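Please walk through the structure below with an eye to how its elements pack and pair.

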2 protein chains.
Amino acid sequence: MMPAALEVLASPRRREILRLVWNEELAAGTIHRAMPDVTFGAVSLQLRALVEAGLVEARAEQRHRFYRARREAFGPVAEILERMWDDKLWKLKLAAELEETRRGPKPRRNRTTKKRSGKRGR
Amino acid sequence: MMPAALEVLASPRRREILRLVWNEELAAGTIHRAMPDVTFGAVSLQLRALVEAGLVEARAEQRHRFYRARREAFGPVAEILERMWDDKLWKLKLAAELEETRRGPKPRRNRTTKKRSGKRGR
DNA sequence: CAAACATTTTAGTTTAAACTAAATTATCAT
DNA sequence: ATGATAATTTAGTTTAAACTAAAATGTTTG
């Protein structure tokens, strides 16, 4: 548990993702489907932050990338998080925080990355 | 330990303050003197955040206000923090983070709140 | 190879956090 | 009251986080 991890855990959005990949490995797309209020891109960026902090692992398989929590990396914090997720009151609190904490542009509607032409090589 | 506390712990500055008032009660001014790179006002605001999160208690005595950590409120996190503070490597990390994390206007120099006229009633 | 799918990356926008400077409040001493 | 000291509060500034939209990357399938 390094100081950086505390920063990562501060975000309700990242905690929400963490909860999803706590007990099972999930593909990025599956994680995104569980939080339709943000774009796929946003989820991908948060997943990156979690991986860089060493809290989550990624595994590529075919077109998918599967993510799961590295529970060993949490130490005593694992307990705190699990208790939070079990507690109904805290579930409500998380919902409220996600509402509040939404940053970036004002809420719009349909949240998948929109394709357009699809040309241009690098 | 509520979700809000995780947010509060995310700030290196607040963790620095917390460390100071972990084992002893200190006046706001004493705390500020220990971190001369920020103004008294900035310290006061962070103290407020810590008190509002229930992590720190304040006691008024004469012209002073004494602050101390409410260690009961930390649960398993207390251990994490104490280990962080004991660890020499983490001490270096904290210094680096404080350097990095300095927000607000670019660094200037002398950091006490400057007085001016001092009139004007409310 | 093109098209579809799964995901990441980039560039730019909005919002909130951490801060500063100054003003204000509060207490004590003269 | 006036002044000195201790701290808080307010208003405004800067920076970084969370996000969006679009483009890019990589993989599988026809």
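How are H2(B) and H5(B) oriented to each other? This is a predicted model, in which local features need pLDDT of at least 70 and side-chain atom pairs count only at pLDDT 80 or more, while totals for chains, interfaces and linings use all residues. Residues are numbered from 1 along each chain as its sequence is written, chains are lettered from A and ligands numbered from 1 in the order in which they are written, and side-chain values use heavy atoms, with hydrogens and water left out.

Helix H2 (residues 12-20) and helix H5 (residues 77-86) of chain B pack at an angle of about 90°, with their axes 11 Å apart. Axes here are lines fitted to C-alpha atoms, for helices over the stretch in contact, and angles run from 0 to 180 degrees between N-to-C directions. H2(B) and H5(B) are therefore roughly perpendicular to each other, a term that covers 65 to 115 degrees. On the side of H2(B), the contact (heavy atoms within 4.5 Å) is made by B:Arg15, B:Leu18 and B:Arg19, and on the side of H5(B) by B:Leu81, B:Met84 and B:Trp85. These residues divide into 4 nonpolar, no polar and 2 charged; Ala, Val, Leu, Ile, Met, Phe, Trp, Tyr, Cys and Pro count as nonpolar, Asp, Glu, Lys and Arg as charged, and the others, Gly among them, as polar.

Chain A has 6 helices and 3 strands. Both kinds of element are DSSP runs numbered from the N terminus, helices being H or I of at least four residues and strands E of at least two. The order from the N terminus is α-α-β-α-α-β-β-α-α. Of the 122 residues in chain A, 39% are buried, that is, under 20% relative accessible area, with exposed meaning over 50% and partly exposed in between (1.4 Å probe, protein chains only).

The 3 strands of chain A form an open antiparallel sheet in the order E1-E3-E2, where pairing requires at least two DSSP bridges between two strands. Strands E1 (26-27) and E2 (56-61) of chain A stand at the edges with a single partner strand each, so one side of each has no neighbour in the sheet. E2(A) is joined to strand E3 (residues 64-69) of chain A by 6 bridges.

A:Glu61 lies in strand E2 of chain A, and its bridge partner in E3(A) is A:His64. A:Glu61 is partly exposed, with a relative accessible area of 35%. Its C-alpha atom is separated by 9.5 Å from that of A:Ala27, 34 residues apart along the chain.

Definitions and conventions:
Parallel < 35°, antiparallel > 145°, perpendicular 65-115°, else oblique.
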